[in-house]
Amino acid sequence: MDHPLNALINARIEAAEREGAFDNLPGAGKPLPRVDNPENAVNARILQEHGAVPEFVALSRELARLRAELNDMGDRTERRRILQEMSFLQVKLEMARKAP
């Protein structure tokens, strides 16, 4: 069974083609870029374009930030809080590295 909006979608695409909306697009006439994993290519491109990184990279960056903060911290209570947070992040980092 067709989706109820298929006719509307097709009509809009045809109208856009007639109006030249698809003429002179960047990359027109060029081959599509090679992808290693076509099933995830779109997701990977969107994540890359928006600066997303794997979890273990984000956790590593956060740990580095906390280490720098710890080096500059003189307050014992704050140092203890930072060390606890670093311990928690270290466990999460190890889990993220082992995840498939």
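Mentor: Happy to! This is a predicted model, and in it arginine 81 pairs with glutamate 69.

Trainee: What makes arginine 81 and glutamate 69 a salt bridge?

Mentor: Their closest N and O atoms are 3.4 Å apart. The cut-off is within 4 Å, so the pair counts as a salt bridge. This pair links distant parts of the chain, with arginine 81 in helix 4 and glutamate 69 in helix 3, twelve residues apart.

Trainee: Why is arginine 81 called partly exposed?

Mentor: Its relative accessibility is 33%. Buried means under 20% and exposed means over 50%, so arginine 81 falls in between. Glutamate 69, at 24%, counts as partly exposed too.

Trainee: Which salt bridge does glutamate 78 form with arginine 81, and how do you know that it qualifies?

Mentor: The closest N and O atoms of glutamate 78 and arginine 81 are 2.9 Å apart. That is within 4 Å, so it qualifies. Both residues lie in helix 4, three residues apart, about one turn of the helix. Through shared partners, salt bridges join Glu62, Arg65, Glu69, Glu78, Arg81 and Glu85 into one network.

Trainee: Why is isoleucine 13 called partly exposed?

Mentor: Isoleucine 13 has 39% relative accessibility, between the 20% and 50% limits, so it counts as partly exposed. Its place is in helix 1.

Definitions and conventions. Residues are numbered from 1 along each chain as its sequence is written. This is a predicted model: local features need pLDDT of at least 70, side-chain atom pairs count only at pLDDT 80 or more; totals for chains, interfaces and linings use all residues. Side-chain values use heavy atoms; hydrogens and water are left out. Helices (H or I, at least four residues) and strands (E, at least two) are DSSP runs, numbered from the N terminus. Buried means under 20% relative accessible area, exposed over 50%, partly exposed in between (1.4 Å probe, protein chains only). A salt bridge is a side-chain nitrogen of Lys or Arg within 4 Å of a carboxyl oxygen of Asp or Glu.
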